[in-house]
Amino acid sequence: MQHRPIDDPVRPFGAARAHPVELTGPEPGQVDPAVLGALLDRHGWERRGGAAGRYARWTLPGSGTRTSLLVPESRAFPDAEELLGEALVALERSGTDAAREVLVSLAVPSDEVRWWRDVPAGPAGASSWVVEEQLRSAARRMLLAGALAARGRAGYYGARHRRPAAAALEQVLVQAAPGGRRLTAFVPVAAGRALAVRLHQALYAAREAIDYRRATGGMDAFDAAVEAGVSHELTEALIALVRGTEGARVGVAWAPAAGVPEECTDGDDPVEFSPGDLDLLREAGARYLHAEPAVSVRVTGTVVRLGRTGPRGEGTVRLHVIAGAEVPHVRMTLDEEAYRIAGHAHLVGLPIRVHGRLESRGGFRRLTGASGVVPVQVEEAERDRLMKSLQENLDFFEDACTGDD
């Protein structure tokens with residue numbers, strides 16, 4: 001199926017790979033007139049008459065163009081597909097942000113997360129490169145916090161769930177308005193609705209917790225807000241968004257094609273945050289950071305580094321986690337016997353299993369109280385893969401046999 005290109009610098013949030021759906025406009029036969037009308041209204045187009053019950057005329061005020069769209073009320077209108085085709089062509093030729101955003105939402109049904117920052121303007125209304133990067137960075141951190149909360153509730157995640165949460169952002173498209181004051185992220189409904197829902201709920205919970213703290217002096221609301229998705233990572237994202245501004249807002253608009261999720265309501269106003277909230281956000285973030293408990297785990301992983309200061313005694317081991325913890329790597333200190341077992345398992349290409357507690361300090365990257373270290377048998381094909389990885393990365397493993405007889 002061929003699609004017309006959208007000539008817009010809309011980019012994936014994570015530039016690691018392209019969006020799974022190319023940035024192309026939909027075919028007229030794929031467009032629901034009701035969805036197109038809802039998107040036009042959302043993005044600033046104005047309805048100016050038309051034939052009642054047949055079609056509507058839409059224009060974009062202040063665009064400097066005379067773009068006018070005729071959109072049928074439904075596909076039952078005799079010339080519906082022809083009118084829709086003409087409307088899509090007009091949108092593509094318009095070149096305005098409002099037109100491009102409509103086309104993106106039609107091509108990939110998406111919930112839209114929007115950020116606004118009130119920042120001082122430079123000469124002739126320009127803004128510095130730093131201002132634009134600050135907005136983009138804060139927005140990405142906020143979406144990452146939402147993706148983390150969609151995987152499970154915690155006051156502080158550290159390295160937990162980080163890889164799958166970051167991978168979820170690869171499917172998010174982003175478009176920034178000139179000036180570093182407004183940015184829109186298009187979160188595909190099929191893959192990211194849970195992220196958008198959790199972020200929406202967390203933002204309102206954070207706002208309510210701040211207001212409660214200011215009114216009563218208590219932090220109880222912040223503790224309860226964790227269940228809604230508020231975390232250390234979200235408070236840090238909000239601080240990054242608000243810092244250096246006169247205020248900021250965040251809002252979520254649901255994809256018309258998918259409807260409003262059951263857990264949320266439609267037409268909610270954006271959530272506002274001000275510089276006066278910064279100290280309370282920092283206080284809450286520190287509380288989350290220090291209150292998150294250690295986690296008892298049984299981790300299976302491959303040894304990627306070993307080291308100790310002498311020929312005998314305890315040593316440190318770094319594991320690449322295969323199962324048992326939502327972190328990519330952990331470090332631990334092992335006694336002499338456990339260290340020898342880990343070294344031997346590494347040399348023959350076997351993973352090990354170990355019990356311990358993931359400590360929140362350092363981002364859940366360190367395992368304390370490690371015990372019960374045993375090699376784990378794997379299938380021959382997997383063992384060959386592990387041995388090949390060992391041979392290709394010998395520089396990392398020069399200390400593997402230190403002190404072993």
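Arg160 lies over the face of Phe364, 3.8 Å from the ring centre; a charge counts as over a ring if NZ of Lys or CZ of Arg is within 6 Å of the ring centre and within 35 degrees of the ring normal. The model is predicted, so local features need pLDDT of at least 70 and side-chain atom pairs pLDDT 80 or more, while totals for chains, interfaces and linings use all residues. Residues are numbered from 1 along each chain as its sequence is written, and side-chain values use heavy atoms, without hydrogens and water.

A search of the whole structure finds one aromatic pair. Tyr156 and Phe364 form this pair, which is tilted, with 5.9 Å centre to centre and 35° between the planes (ring centres of Phe, Tyr or Trp, its six-membered ring, within 6.5 Å; planes under 30 degrees apart are stacked, over 60 edge-to-face, the rest tilted). Tyr156 is in the loop between α4 (129-151) and α5 (162-168), and Phe364, 208 residues apart from it, is in the loop between β13 (352-359) and β14 (366-375). Helices (H or I, at least four residues) and strands (E, at least two) are DSSP runs, numbered from the N terminus. Both Tyr156 and Phe364 are buried (under 20% relative accessible area; exposed is over 50%, partly exposed in between; 1.4 Å probe, protein chains only).

The strands β13 and β14 run antiparallel and are joined by six bridges; two strands pair if DSSP finds at least two bridges between them. Arg357 stands opposite Thr368 in β14.

Helix α8 (residues 232-242) is largely enclosed by the rest of the structure, because 10 of its 11 residues are buried. Just after α8, Gly244 takes a positive phi of about 80°.
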